[in-house]
Amino acid sequence: MTHTMPELPYPMEALAPHMSKETLDYHYGKHLQTYVDNLNKLIPGTPYENSTLEEMVCKAEGPVFNNAAQTWNHTFFFQSLTPAQTDIPASLADLLTRDFGSVEAFKEAFAKAAVGLFGSGWVWLVADAEGKLSIKAESNAGNPLRQGLKPVLVIDVWEHAYYIDYRNRRAAFVEAFWHLVDWGKVAARC
């Protein structure tokens with residue numbers, strides 16, 4: 001199976017000023033493309049040559065896992081963003097309030113995890129088998145699918161996600177992220 005670049009659900013310049021076209025040119029157009037290309041070079045002749053990304057994320061190790069997970073994680077991240085943000089649906093606000101105390105308490109905890117993650121990685125809002133929401137910080141290519149958790153929302157805190165626009169100000173990137181979340185998609189995943 002050949003893996004291909006996912007389509008963005010918005011034009012490259014649409015997320016400005018919170019995320020510039022230049023950032024997307026590099027983050028989506030170069031970084032994600034490299035993971036897709038590397039994965040396609042790694043899997044021929046392996047048990048994963050006909051596997052889905054999700055299967056590889058859950059079962060593979062080493063370079064196959066790293067490139068499959070980075071492809072999956074980036075796709076999920078980019079598809080969670082929108083230039084036309086709407087209010088958080090009441091159903092999602094209720095779940096966030098149930099599991100974090102309030103929507104604002106969730107945002108604070110999520111932002112704290114994103115800013116506080118040492119090095120590179122991802123911070124996820126996940127649901128367990130009973131639907132309880134929690135926050136998981138994962139280093140490098142970490143993905144909560146490997147723990148049997150359902151990803152609901154993610155922020156990429158690898159430096160390439162924000163360095164062009166925010167330099168070393170990860171907290172400013174996290175603050176800008178809240179202006180781009182597609183809350184309808186997040187709610188649909190719960």
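A nonpolar core is taken here as a set of buried Ala, Val, Leu, Ile, Met, Phe, Trp, Tyr and Cys residues joined through side-chain atoms within 4.5 Å. The model is predicted, with local features requiring pLDDT of at least 70 and side-chain atom pairs counted only at pLDDT 80 or more, while totals for chains, interfaces and linings use all residues. Residues are numbered from 1 along each chain as its sequence is written, and side-chain values use heavy atoms, with hydrogens and water left out.

**View 1. The largest nonpolar core and Phe 77.**
The largest nonpolar core contains 65 residues. Phe 77, Leu 153, Ile 155 and Trp 178 have the most contacts inside this core. Helix α3 supplies the largest share of the core, eight residues; helices (H or I, at least four residues) and strands (E, at least two) are DSSP runs, numbered from the N terminus. Buried stands for under 20% relative accessible area, exposed for over 50%, and partly exposed for values in between (1.4 Å probe, protein chains only). In soluble globular proteins, nonpolar side chains tend to be buried together. Leaving aside residues up to four places away in sequence, Phe 77 touches Met 19, His 27, Trp 122, Val 154, Ile 155, Asp 156, Phe 173 and Phe 177, where contact means heavy atoms within 4.5 Å.

**View 2. Two tryptophan pairs.**
Rings of Phe, Tyr and Trp (its six-membered ring) are paired if their centres lie within 6.5 Å; planes under 30 degrees apart count as stacked, over 60 as edge-to-face and the rest as tilted. By this rule there are 17 aromatic pairs. One of them joins Trp 72 and Trp 124, a tilted pair with 6.2 Å from centre to centre and 40 degrees between the planes. This pair links distant parts of the chain, since Trp 72 lies in helix α3 and Trp 124 in strand β1 (residues 121-127), 52 residues apart. Trp 72 is buried at 14% relative accessible area, and Trp 124 is buried at 0%. Trp 178 and Trp 183 form a stacked pair, 6.0 Å centre to centre with 5 degrees between the planes. Both Trp 178 and Trp 183 are buried.

View 3. Glu 61 is exposed, at 56% relative accessible area, whereas Arg 146 is partly exposed, at 33%. Arg 146 also lies over the face of Phe 65, at 4.2 Å from the ring centre. A charge sits over a ring if NZ of Lys or CZ of Arg is within 6 Å of the ring centre and within 35 degrees of the ring normal. Arg 189 lies over the face of Phe 76, at 4.0 Å from the ring centre.

**View 4**
The whole structure has three salt bridges, and one of them pairs Asp 25 with Lys 21, with 3.1 Å between the closest N and O atoms. Asp 25 and Lys 21 are four residues apart in helix α1 (residues 21-42), which means that about one helical turn separates them. Asp 25 is partly exposed, at 28% relative accessibility, and Lys 21 is partly exposed, at 38%. Lys 30 is also placed in helix α1 and is partly exposed, with a relative accessible area of 49%. From Lys 30 to Lys 41 the C-alpha to C-alpha distance is 16 Å, for 11 residues in sequence.

In helix α4 (residues 90-100), the residues Leu 92, Ala 93, Leu 96 and Asp 99 are buried. These residues cover an arc of only 140 degrees around the axis, so they sit on the same side of α4; the arc is that of the directions from the helix axis to the C-beta atoms. Ala 90 and Asp 94, on the other side of α4, are exposed. The buried residues of α4 are covered by elements including α5 (103-116), β1, β2 and α8 (183-189). The side chains of Arg 98 and Asp 99 meet in a salt bridge at 2.6 Å, N to O. Arg 98 is partly exposed, at 48% relative accessibility, while Asp 99 is buried, with a relative accessible area of 18%. Gly 101 follows α4 and has a positive phi, near 100 degrees.
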